[in-house]
Each structure stands twice: as C-alpha cells, then as structure tokens.
Amino acid sequence: MSAAHEFEVSRRGVLVVGASAAAAAAAAPAAAQGQGAEPPVIAKVSLEVNGKRRALELDTRTTLLDALREHLHLTGSKKGCDHGQCGACTVIVDGRRINACLTLAVMHEGAKVTTIEGLGQPGALHPMQAAFVKHDGFQCGYCTPGQICSAVAVLNEIKAGVPSHVSGDITAAPQVSVDELRERMSGNICRCGAYSNIVEAITEVAGRTA
Amino acid sequence: MRAFSYERARTPQDASIAVARTPEAKFIAGGTNLLDLMKLEIERPRHLIDVNGLGFDKIETTQDGGLRIGALVRNTDLAAHERVRRDYGVLSRALVSGASGQLRNKATTAGNLLQRTRCPYFYDPAQPCNKREPGSGCGALQGINRQHAVIGASQACIATHPSDMAVAMRVLDATVETLAPDGKTRSIPIADFHRLPGDTPHLETNLAHGELITAVTLPRPIGGAQIYRKVRDRASYAFALVSVAAIVQPDGSGRVAFGGVAHKPWRVEAAEPAMSRGAKAVSERAFTGAKATEQNAFKLPLAERTLAAVLAEARA
C-alpha cells in the first residue's frame, strides 16, 4: 500500500529506482547464500503448485512469489512493486487471491497454489485468458497474469456473497456490474491503462458463467 | 531483509511464551504489513512465530447476543459474515473500504488493529522518526504532513493510525481479548487498546511483550443506521484523509468515531449528546484542542462536512 504517494516522483526517477531495484533483485540470491553478517536460515516447505506436489528448501525470507519465480521457474507471476501495491504477483492460494509478494513460502505448507500457468496454456486457455485476448485487456502484458488471476477470483467472491465498497445493500447478494468490477479489481494496477477492456473481458466471462 | 528463524506455534500458550522468551521475536499472521516493513528493514525480527494454525478463525455468538470474532478471521470473511452485514453494518462497510481484495483475503482481525502507520517518514529509514528510532526526531512536524494527525498528536509524532476497521470497532465498543505468557487472559476495551504518541510514539498499543490477541468481541447489536464514510485521494485502495463511523438512532441520538485524524481511532463520547443538534455541534466538541498544520488544516472542516453527509444519509 502506498506509503509515499504524496511525494512527487519524476518518470526518470521511477526508471532509475526501477533499475536499481532490478539490480538488487538480481544480487539477492547471492546475498541470501550467506555473504551478509547473519547466515540465512533454511527451512523445508511442500506446496501443491498447479496440481503438482513441489518440495522446496528455502531461505525463510523467500516470499511465495520468489519461490514460484526463482525456484519453480513459474515466471508468469510478476514482481512489480514487491510491496502489495500493484497486484502483478496475484496468485490463487486455497481458492483465494492473494499478493504472493507479501507472504512467506514457508507459511504455506500443504497449500494449493494456482498461478497463471495453472489456469490455462496456449491452445487450452482459461475462459478469462481467452476473454482478455478477445477484448485487448492488456497492452504491455506485465500486469496481465495478476489481472487474470484476480479476475477469476473476483467472480468467485461475488458468487460467494462477499460485499464490496460499492455494494448498495450489503445484506443483499452482490451483482456483477461495471462499478463492482472496477472496485474489486482496484488492487491490480495497469500502467498501460487497459482498464476498460479488462472490465469488458471480465463482464463477458461473468455472463458466460453466471 | 534480516535473516530470521521460523516456527509454527502449536498452542496459543506456546506462541505467547515463545515471543516472550525469544529476543526480537514477533508473531506473524496475515503478514501483509509485517513483511512489507521487514523488506524495508523497519521491522527486523530475528524469529517469527506463525500463529495461523491456532484455530482463532471462527465467528461465534456470545451469551449476551454479541459476537466473538477470532483473532485470525480474515478481513474478507468478517466483512462477508451474515451477522456482521446485518447487525454491525458499520464494521462490514469499514472493512471493504480498506486495502484491496487480495490484502483483505490475508489480513486478520488482530493484525488490522496492530498495523503500523503509513507516515512516509516512518517508512523511509533515511528520515528521522521517533516511532521507528526513538529520539531521532520527527520529520513530519516541519515536513510534508498533509496526511497527518490533527488531534491528540505530540511534538514527538504526528502520525495517524491507518485502520478503517479499528474506527468501526471503536464506535461499536469492541473488546480485545488477549492471552499473556503466564497464561492469564484479559479483556481490553478498544478505547484503551491504542495509545496516543506522547513521548513514546514507538509504543502503539497497551499490549505487553508476548501478549497474544485471541479474539475481538462485540456487544449485542444496538441497531440504528450504521454508516462508514471514507474520504480519500482516489475512489478505491487508498488510506483515509478523514473517515467517519457512525451509528445513528431514529431519534437522532447516536455515536461517532473519526479515522485519519489521530494516532488512534478518535471518539469523544462527550460530543455524542450533540448528535441530534448536527455535525457542527458534534465536531466542535470532538475536535476541541485540535492542532492542525498548514497542510492538514483542511481535515477539520472535512471531518465536520463528512459527518454532516453521514447524518443526512442516516435521516434519508
């Protein structure tokens, strides 16, 4: 969540910060191997990722996102802000969408994790993936895996009766509407601004599965 | 991030004892705020005790018809619970106005109460901050303080508490149930749970080291129009500039608490007899002694106007 949004940051500043963050990320595995003053603590965890049992030995500091990307090489889930502000890392854990960057892998012993790779593959797309393609629900594509995982979970949340900030009567069953989708998807940022097409894609899938 | 050892607590007592006896140990539940701060090395625990397996994930009716909310109930589940939506609407509304769907799926009831301020000086280790590093000064006092507290602050700290849920809990007279390392339990009224900054802004609650929150209980419902109105810089997924949690009865009497204005949810019970006389009368009393900066002075009229809108909605 935004800690410093009241500071103005120039576009150049963002690029410089982004580059240094990328360099730091690249250097992280080396640092995690014990070059720092404090040695890493290694722990075992076993997860079910996209239907497959995966046993890992990880530095306890490893987030679920880094476990998926760096250890299981499932690079569909993206690291955007790494602080839960952008939603690019959204995956579905035990049926719920979460920010994979803000949870530790070791906290998910036995959990069932679904990433974008588990939803569908080329030639056998999930209906939400197909709808994003059909409606141009992306431009650069970086936020898209998170958007799609989030969108699939949003429709389940509406079906389960989870209210939102824009629900008129919170005691009634929520309905799919443009306002509801925009509110419920607000944890997924798209810097290309594909929001209106994303809403169209989700709306189409909601109609199909309603 | 500093290296840490990790264990899953098997019983609440084990968890409490483990935090009390292990240097620099912390509980972890949802982790959405703690891990964020650990990445920035603002929080630097050497040992984490995962309390997620302790079973505090139920919502039960109490003997007097109230609700006992397990400490680990996720924000999404609390907001969606049938009785919360029906009998404690202000709480459901406050929850869904906070954070994002992803965060609410992880964030817990106890963790929400314990979340730290989003003051940018607290978040930036290059800046002075008495909350992060006692004695280092407050960068916000003479800095960028548009988001900061307008009442109850001190020369040491003008941070606000970021929670929406806690503001609703305050207006509902919630009680925080805890377990101490010695096995003793206690019930802390929400009014006494969070502290004002004073000279010790690094102490945010009255919990003892190792004391574990087990539940939050709500008294039996009091009816009325229950409204949470949040004003922020964008329509969704932003912290409050000002928020109002109110319960207004048909005769115009009621309760009100404000968020985004102080180091804790701000409720002045002595202002509430003025509810039937309107927002100005209530705000004048609730914000007596307010001290705004040039940048955040707008929060005082904004709080009054937000309350006026809430009272109009309650009458409609």
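# Briefing: chains A and B

E38(A) counts as partly exposed, at 28% relative accessibility (buried means under 20% relative accessible area, exposed over 50% and partly exposed in between, with a 1.4 Å probe and protein chains only). The model is predicted, and local features need pLDDT of at least 70, side-chain atom pairs count only at pLDDT 80 or more, while totals for chains, interfaces and linings use all residues. Residues are numbered from 1 along each chain as its sequence is written, chains are lettered from A and ligands numbered from 1 in the order in which they are written, and side-chain values use heavy atoms, with hydrogens and water left out.

**Chain A overall**

- Chain A has a mean pLDDT of 87, with 82% of its residues at 70 or more (pLDDT is the predictor's confidence in each residue, from 0 to 100).
- Seven helices and five strands make up the secondary structure of chain A (helices, H or I with at least four residues, and strands, E with at least two, are DSSP runs numbered from the N terminus).
- Read from the N terminus, the elements of chain A follow the order α-β-β-α-β-β-β-α-α-α-α-α.
- Of the 210 residues in chain A, 48% are buried.
- Among the contacts in chain A with a separation of 6 or more, 54% come from residues 24 or more positions apart.

**Helix α2 of chain A**

- Helix α2 (residues 64–71) of chain A has six of its eight residues buried, so this helix is largely enclosed by the rest of the structure.
- Those buried residues are L64(A), L65(A), D66(A), A67(A), L68(A) and R69(A).
- Their packing partners are β1, β2 (52–59), β3 (90–93), β4 and β5 (112–114) of chain A.

- Chain B holds an open sheet of three strands in the order β1-β3-β2, with parallel pairing (two strands pair if DSSP finds at least two bridges between them).
- β1 (5–8) and β2 (25–28) of chain B stand at the edges with a single partner strand each, so one side of each has no neighbour in the sheet.
- From one strand to the next, the twist averages 25° (axes are lines fitted to C-alpha atoms, for helices over the stretch in contact, and angles run from 0 to 180 degrees between N-to-C directions).
- β2(B) runs parallel to β3 (residues 47–50) of chain B, and four bridges join the two strands.
- K26(B) has L48(B) in β3(B) as its bridge partner.
- Packed on the sheet is helix α1 (residues 12–21) of chain B, which touches β1, β2 and β3 of chain B and makes about 145° with the direction of β2(B).

- D36(B) belongs to helix α2 (residues 34–39) of chain B.
- Although buried, D36(B) has no salt bridge, and the nearest side chain of opposite charge, R118(B), is 5.1 Å away (Lys and Arg count as positive and Asp and Glu as negative, with His and the chain ends not counted).
- Leaving aside residues up to four places away in sequence, D36(B) touches H83(A), L102(A), G31(B) and Y123(B).

**Salt bridges**

- The whole structure has 31 salt bridges over all chains (a salt bridge is a side-chain nitrogen of Lys or Arg within 4 Å of a carboxyl oxygen of Asp or Glu).
- E38(A), the residue that opened this briefing, forms a salt bridge with R46(B), and their closest N and O atoms are 3.0 Å apart.
- This pair crosses between chains, linking R46(B) in the loop between α2 and β3 of chain B to E38(A) in the loop between α1 (11–35) and β1 (42–49) of chain A.
- R46(B) is partly exposed, at 36% relative accessibility.
- D77(B) and R96(A) also meet through their side chains in a salt bridge, at 2.4 Å from N to O.
- D77(B) lies in helix α3 (residues 75–80) of chain B and R96(A) in strand β4 (residues 96–99) of chain A, so this pair joins two chains.
- D77(B) is partly exposed with a relative accessible area of 32%, and R96(A) is partly exposed at 25%.
- R86(B) and D87(B) form a salt bridge with closest N and O atoms 3.1 Å apart; R86(B) is exposed at 52%, whereas D87(B) is buried at 16%.
- One network, joined by salt bridges that share partners, takes in R170(B), D173(B), R255(B), R267(B), E269(B) and E272(B).

Methods: Contact = heavy atoms within 4.5 Å.
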